[in-house]
Amino acid sequence: MSAEKELRVRPIRNGTVIDRILAGQAMNVLKILGIKGAYSDVVTMAMNVPSKALGQKDIVKIENRELEEKELDKISLISTGATINIIRDFEVADKYQVELPEIVESMVKCINPNCISNTKEPVTSKFEVKKDPVQLRCIYCENIITENIAEHLL
Amino acid sequence: MRFERRHIISMKDFTRDEMEYVLDRAAKLEPLARGGRSDLLAGKILALLFYEPSTRTRMSFETAMLRLGGNVLNLGSKEATSIVKGETLADMIRVVSTYSDAIVQRHPSEGSALMAAEFSSVPIINGGDGAGHHPTQTLLDLYTIRKESHLDNLDIAIVGDLKYGRTVHSLTYALSLYGANITLVSPPQLKMPDQIKADLKARGARVRETENLEETLDCIDVLYMTRIQKERFPDPTEYKKVAGAYKITTGHLGNVRDSMIIMHPLPRVYEIDSSVDTSSHARYFEQSFYGVPIRMALLTIVMGVGV
């Protein structure tokens, strides 16, 4: 078991391990973190890893990077149960689950093309967040996003 | 009731007590709306920013203001303003709110009234934001129902475009606070969205759906007709068929309750035959007039003037 684990997930000295990502969402997590192709540090991604609690999960490890609050909020929208492990000098310095914010601002584009937040007006998008399942309700036009939230991330 | 300097954006901002407060004030002001003269709003200025065509909403706000002794600033045609130069709504609101004591706005984008409220230093009254809200229409509908019929234990049929019609969504929301018995009558392609129906039921309304207008007519207190827009139908033949099936004529009125009233937010196209206009059931022109006392009430409330 441990040999298999080591093969899949090599320990890192400093950085972040995002664990328990909803299976299939790892690529979207990379997109949220702006990692598309050329990137200077080591990034490891594992998809559909067997998990006792989830059946299957994805894992993303990024060396030499700790995440910003906005990035964590975005990850929570697409994978509410994801856990963040901050690694410093090979030790887990901090570990917590991402938390869904009550309001998200300037993170998601409204699906309604006729919404005021999709015009040249000086307003940014703003959504109320509901849990179980995640629903985003635009505070301007009241349209609700329930599916494929990753596609609408700004 | 804390209304002074409050924005009027959506019916969802109102409790039932607040709605009744507005309706009661409108009832007090109705004699003035019928041709009286008052100086309640003397020295006050109302700005009308209509980015889309409007007849009843714009003119009834103007009438309300003038009958109460106030003045009106009108945006006029878009071509004559800085909108053609590309000025944003936000900038327009910032500027106009320094000229006036309240602003009535109609704009084609959903959420525009809420955004305007964020930039305005005076109350914004939403006169329609795209397919979003039109709260003053709902308040005048409630006023009409309360005055010409009754709000408690109401049996109402709402007919026509229940999918896109903003007035219908706001009205059914308000009626749900009174536990109304609502029959939704529409062709299948224009049915009310499931989410709105679920919300109505959760708030205590009884909701039934049918495609058949005639079967509902003899057991209702209010028949609320709406316009079915041609552009909703890709096939013109289909439109004609549907428009014909949801048209009221005097021939339909034989077995209805004596007290049943017919309402329509206007403008109508084919939905109500002109022969119905002289029947004892027609109330759509009175309904249109009630927009004046309702808007008088709202103007005095947001400008903080007692009656």
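Chain A and chain B meet through 14 residues of chain A and 18 residues of chain B, where contact means heavy atoms within 4.5 Å. This is a predicted model, in which local features need pLDDT of at least 70 and side-chain atom pairs count only at pLDDT 80 or more, while totals for chains, interfaces and linings use all residues. Residues are numbered from 1 along each chain as its sequence is written, chains are lettered from A and ligands numbered from 1 in the order in which they are written, and side-chain values use heavy atoms, with hydrogens and water left out.

**Between the chains**

About 1,200 Å² is buried between chain A and chain B, and carbon and sulfur atoms give 50% of that area. Buried area here is the accessible area (1.4 Å probe) that two parts lose on being put together, summed over both. One salt bridge is counted between the two chains; the term stands for a side-chain nitrogen of Lys or Arg within 4 Å of a carboxyl oxygen of Asp or Glu. The partners are B:Lys12 and A:Glu142, at 3.5 Å from N to O. On the chain A side, the residues touching chain B are eight nonpolar, three polar and three charged. In this scheme Ala, Val, Leu, Ile, Met, Phe, Trp, Tyr, Cys and Pro count as nonpolar, Asp, Glu, Lys and Arg as charged, and the others, Gly among them, as polar.

**Within each chain**

Now let us look inside the chains. Domain bounds come from an automatic or database domain assignment. Chain A has domain 1 (2-97) and domain 2 (103-152), and chain B has domain 1 (11-133 + 290-302) and domain 2 (136-288).

| Domain pair | Buried area | Carbon and sulfur share |
|---|---|---|
| Domain 1 and domain 2 of chain A | about 680 Å² | 76% |
| Domain 1 and domain 2 of chain B | about 2,400 Å² | 58% |

In chain A, nine residues of domain 1 are in contact with ten residues of domain 2, and zero salt bridges are found between these domains. On the domain 1 side, α3(A) gives the most, with five residues. Helices (H or I, at least four residues) and strands (E, at least two) are DSSP runs, numbered from the N terminus.

In chain B, 30 residues of domain 1 are in contact with 25 residues of domain 2. Three salt bridges are counted between these domains. B:Asp24 and B:Arg146 form a salt bridge, with their closest N and O atoms 2.9 Å apart. The elements giving two or more residues to the domain 1 side include α1 (16-33) and β4 (124-129) of chain B, and α1(B) supplies the largest share, nine residues.
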